[in-house]
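Good morning, everyone, and thank you for making the time. I would like to walk you through one chain this morning, beginning with a single residue and widening the view from there.

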Amino acid sequence: MMWRDVFFELEDGLIDEANEGTVFCPICGCCSLKQIPKFIPSILTQAAMLERGEEWTPKQEDMGWVCNGGCTRTQRHA
Ligand SMILES: [Zn+2]
């Protein structure tokens, strides 16, 4: 399985307007999609940032949508 296969685009999702705009997985249709960072700096990088008084927060472009049930683009969850 390719790591990138777990991420969906928001446009791929099925948006349920009647349900507060919840975004459902286009593969299974039963689980919602959630946003997680596609990229997380290593512990060392984060420690170095903390030393400089910075805190890592994911940028919008670093966020990807994944199925709560664990679907990938190529495989439905069990
Ligand atoms: Zn799914």
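**Starting from Phe 8**

Let me begin with Phe 8, which sits in the segment before β1, the strand that covers residues 14-16. Please keep in mind throughout that what you see is a predicted model.

Is Phe 8 buried or exposed? It is buried, because 20 other C-beta atoms lie within 10 Å, and 20 is the count at which a residue is called buried. If we set aside neighbours within four places in sequence, Phe 8 is in contact with Gly 13, Pro 26, Leu 33, Trp 65, Val 66 and Arg 73. For a contrast, look across to Gln 46, which is 38 residues away along the chain, and whose C-alpha atom is separated from that of Phe 8 by 26 Å.

Two of those partners deserve a word of their own. Trp 65, with neighbours up to four places away again left out, is in contact with Phe 7, Phe 8, Glu 9, Leu 10, Gly 13, Val 23, Leu 33 and Gln 35. Arg 73 belongs to the segment after β4, which is the strand at 63-67, and Arg 73 counts as partly exposed because it has 16 other C-beta atoms within 10 Å. Beyond its neighbours up to four places away in sequence, Arg 73 touches Asp 5 and Phe 8, and its C-alpha lies 6.2 Å from that of Val 6, although the two are 67 residues apart in sequence.

Which residues, then, make up the largest nonpolar core? There are 7 in all, namely Phe 8, Cys 25, Ile 27, Leu 33, Trp 65, Cys 67 and Cys 71.

Cys 31 is the next residue I would point to, and it lies in the loop between β2 and β3, the latter being 33-37. Because it has 17 C-beta neighbours inside 10 Å, Cys 31 counts as partly exposed. Outside the four places on either side of it, Cys 31 is in contact with Phe 24, Cys 25, Cys 67, Asn 68 and Gly 69. The C-alpha atoms of Cys 31 and Cys 71 are 9.0 Å apart in space, while 40 residues separate the pair in sequence.

Stepping back to the whole chain, we have 1 helix and 4 strands, and read along the sequence they follow the pattern β-β-β-α-β. Of the 78 residues, 9% count as buried. The radius of gyration is 15 Å, whereas a compact globule of 78 residues would be near 12 Å, and the C-alpha atoms fill a box of roughly 45 × 30 × 20 Å along the principal axes. Among contacts between residues at least 6 apart in sequence, 59% join residues at least 24 apart.

The helix, α1, runs over residues 43-51, and as 0 of its 9 residues are buried, it lies largely in the open. Just after α1 comes Gly 53, which takes a positive phi of about 80°.

I will finish with Glu 20, in the loop between β1 and β2, where β2 is 22-24. Glu 20 is exposed, because 6 other C-beta atoms lie within 10 Å. Its phi is near 60°, a positive value in a residue other than glycine. Most residues other than glycine have a negative phi, which is the reason for drawing your attention to this angle.

Terms used. Residues numbered from 1 in each chain as written. Predicted model: local features only at pLDDT ≥ 70, side-chain atom pairs only at ≥ 80, totals over all residues. Helix = DSSP H or I, 4+ residues; strand = E, 2+ residues; numbered from the N terminus. Buried ≥ 20, exposed ≤ 12 C-beta atoms within 10 Å, placed from the backbone. Contact = placed C-beta atoms within 7 Å. Rg over C-alpha atoms; globule rule 2.2 N^0.38 Å. Core = buried A, V, L, I, M, F, W, Y, C linked by C-beta atoms within 7 Å.
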